[in-house]
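Please look over the sequence and the model before reading on.

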Amino acid sequence: MKLCRFDQNRLGVVFGDRVHDVTEVLEHLPPLRWPVAPGDHFIRHFAALKGSLTHAAEQREGRPVSSVSLLSPVANPSKIIAAPVNYAKHVAEARADVGINFGTDVKTIDHYGLFLKSNTSLVGPAEGVRLPEGDRRVDHEVEVVVVIGEECEGVAEKHALDVVFGYCLGLDMSVRGTEDRSWRKSYDSFTVLGPHLVTADEIPDPSDLHMSLNVNRSVRQDASTSALIFDIPRLISYASAAYRLYPGDVIMTGTPEGVGPVEPGDLIVAKGAGLGELAVRVRRRAREERAA
Ligand code: MN
């Protein structure tokens, strides 16, 4: 099943290029009481809603996906986990480009571990990426994104795919510089997820998922998850050894080679095998946008 969130927090099921509004099914979610459990309330209860979602989607007339404003398909992750330098060719380009490494020694994921991005950096394609003040270089990073389906910890690699709810495309937008990754990659709008969330049953084997990214129709990134240094099961195991994972938690698996800067007005289009196409516009820098 392909799930999306659109317009004013509508829930949709996507068939082909049409979205079917199934928001009414959310009425069946149990009421939330303070304190709210960590994680995404919808994904936590998805299994109980699945039949109703399918039924509602078949009953409802669809509309073109292109006619709606797509928000992040995951609304409330308890955390956004991300893998640094997880493709060998990206390690090589980072070592070769002082505009990426800023004179620092680029090490590997074994050395760095994982990092966290702010939850408030999360947006959907329709919201756009907003560049920060000044003239700092901001790069695109296309990544395959894993969304966790259940509460778990200490997950063994061989069971890791069992805890996956689904997959989507993601952009890990990054200011280049020497600050900590959690600072440089957590600006508002620096985590773009979409276009929809594909449940894991549609992607039984994520070990060779092709992805690409173009800017203004010029191809910048083109690779497969087969080139990951830490593959998806290992990333889940690695993350869950440190962090308890909750439904809706996001794991950004790392970007392949081809990262590069974006400018206001650019159109970034990411594509992934079975994951659809995510198109997002780069907005003006924060101060100019406020002044406009
Ligand atoms: Mn990244």
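Glu141 is buried at a relative accessible area of 4%, and Asp172 is buried at 1%. Buried means under 20% relative accessible area, exposed over 50%, and partly exposed in between (1.4 Å probe, protein chains only).

The model is predicted: local features need pLDDT of at least 70 and side-chain atom pairs count only at pLDDT 80 or more, while totals for chains, interfaces and linings use all residues. Residues are numbered from 1 along each chain as its sequence is written, and side-chain values use heavy atoms, with hydrogens and water left out.

Helices (H or I, at least four residues) and strands (E, at least two) are DSSP runs, numbered from the N terminus. Helix α2 (residues 46-59) has 14 residues and reaches 19 Å from its first C-alpha to its last, close to the 20 Å expected at 1.5 Å a residue. That expected span is 1.5 Å times one less than the number of residues. A kink of about 30 degrees in α2 is centred on Ser52; the bend at a residue is the angle between axes fitted to the seven residues ending there and the seven starting there. Phe46, Leu49, Leu53, Ala56 and Ala57 are the buried residues of α2. Their cover includes β1 (2-6), β2 (10-15), β3 (18-21), α1 (41-44), β12 and β14 (191-199).

Strand β1 is itself mostly covered, with four of its five residues buried. Its pairings are tabulated below; two strands pair if DSSP finds at least two bridges between them.

| Partner of β1 | Sense and bridges |
|---|---|
| β14 | antiparallel, two bridges |
| β2 | antiparallel, four bridges |
| β5 (residues 70-71) | antiparallel, two bridges |

Leu3 has Leu197 as its bridge partner in β14. Phe6 has Arg10 as its bridge partner in β2, and Phe6 also stands opposite Leu70 in β5. β1 and β2 form a hairpin with three residues between them, and Asp7 in the turn has a positive phi of about 50 degrees.

Methods:
Contact means heavy atoms within 4.5 Å.
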